[in-house]
Amino acid sequence: MASPSKAGAALAALREDLVGDVFAPGDPGYDEARTVFNAMIDRRPAVIAQCVDENDVVRAVRFARELDLKIAVRGGGHSVAGSALGDGAVVIDLRHMRAVTVDPEARTARIAGGATMSDLDRACEPHALATTGGRASTTGVGGFVLGGGTGWLDRCHGLAVDNLLGVDLVTADGRRVRADADDDTDLFWALHGGGGNFGVATSLTLRLHELPEFAIALLLYRPEFGREAARTYRDVIAAAPDEASGAVLYLTAPPEEFVPPHLVGSLVCGVLLTYAGSEADLRKVAEPLLALPHEGEVVGALPYADVQCMLDDPPGMRNYWSAEYLTGAPDDYVEVFCARGEDLPVPTGTLHALFPQGGAIAAGPHEFPVPYRDAPWGVHPFGLWEDPADDERCIRWVRDVRADAQPWSTGAVYLNFIGDEGADRVVAGVGAENAGRLARVKRAYDPDNVFRFNHNIRPA
């Protein structure tokens, strides 16, 4: 630990050298700078460095190392587990680094480390291009991709890491490296699911795909029709092309135009069918769902970037998420899923989602540390509420969803969907067969475990 005089001098030098802003406890703006999406997270970093370019990131990393401080990295998105902050740590805040450069001829995009999915989607939209993104426009691209990356386009275009072409990284010793298929190949492999363990990703390059049309069917059913709707959606997906995706959702009906007033604030079962194609083709796939008695609907062509905004969650709410990946969705699991959906905490923002995989996910490269690739279905209990008095019942409900799923669980998990659930779940998120290699890559690039405020892989 550095002496107070050394720490003070180093902080003064950082304030002078950094182009972006620097916040320490007691500074005006410090509390705002340490506020994150999840209102349950309240941590007090030693320093927050709001970097504007890669040079700022290098300066901030070297400052932290000079004072022997750990580093937390804040990208552009949710950090629901609070990994963007660390008590007593240096936070490297990338939110001012949001540029997206699209090369329509090469069908690639270079995305700065603090960009959100909305930044990426809106930049691609004029070129009728897209790539697999998170299911909300407020998701941060960097953490999403490095954690694996699943979304509405993954059944036709693969996981986000399947489209990762390169990463510019600042390592724990302040070096700049470029990891891709030709350079730093072990590191490049580790970045396909190993998350933020290996450095600060200042930019990522992703492969893009043509997406001239996109369409959705969002249907609301009374809870008593939930089982039939869930089974029908499952069977629709089984027969549908890979362009089809979506989810079955239990939720509190929101005050939206397509929701009948008598349902607002009450429990409903929703089916969202997304389609990477035309409205006409969507309607053919959706026919069995449209034939069921439903209370509200939105059916039609919509820009993909607009669909990405449909499930945006407001900041400042209390969040607790988890997930299980399933060997299938047979009738007996659908019964369990729907029964737990009927027990969903209402009225809150909590969602109970059952979503399909398969297609290009299952067909993708199996060498990466994404062990959930082969699971045909996943369940994602997404606790979201406002009142601290609801903490116990909402957290218990999420854990009950996980417990219910155990007879069908593959044991693998997508780490971006969970908080701190222990070291065993981190191994479940990268695969036991990959954990040793990841630990060796960690030792090569971060032997002191400076980057530990994450789903941590310890150096070995």
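**View A. Tyr333 and Phe337 sit 4 residues apart in helix H11 (residues 331-341), about one helical turn from each other.** Helices here are DSSP runs (H or I) of at least four residues and strands are E runs of at least two, numbered from the N terminus. The two rings make a tilted aromatic pair, with centres 6.4 Å apart and 40 degrees between the planes. Rings of Phe, Tyr and Trp (its six-membered ring) pair if their centres lie within 6.5 Å; planes under 30 degrees apart are stacked, over 60 edge-to-face, and the rest tilted. Tyr333 is buried at 1% relative accessibility, and Phe337 is buried at 1% too (buried is under 20% relative accessible area, exposed over 50%, partly exposed in between; 1.4 Å probe, protein chains only). This is a predicted model: local features need pLDDT of at least 70, side-chain atom pairs count only at pLDDT 80 or more, and totals for chains, interfaces and linings use all residues. Residues are numbered from 1 along each chain as its sequence is written, and side-chain values use heavy atoms, with hydrogens and water left out.

**View B. Arg107 and Glu210 form a salt bridge, with the closest N and O atoms 2.6 Å apart.** That term means a side-chain nitrogen of Lys or Arg within 4 Å of a carboxyl oxygen of Asp or Glu. Arg107 is in the loop between strands E5 (100-103) and E6 (108-112) and Glu210 is in strand E11 (residues 209-210), so the pair ties together parts 103 residues apart in sequence. Both ends are partly exposed: Arg107 at 36%, Glu210 at 48%.

**View C. Arg135 has two partners to look at: Asp154 and the ring of Phe355.** The salt bridge with Asp154 has its closest N and O atoms 3.9 Å apart. Asp154 belongs to helix H6 (residues 154-157), while Arg135 lies in the loop between strand E7 (129-130) and helix H5 (141-146). Asp154 is buried at 0%, and Arg135 is buried at 16%. The charged end of Arg135 also sits over the Phe355 ring, 4.9 Å from its centre (NZ of Lys or CZ of Arg within 6 Å of the ring centre and within 35 degrees of the ring normal).

**View D. Arg437 holds its charged end over the ring of Trp189.** The distance to the ring centre is 3.9 Å.
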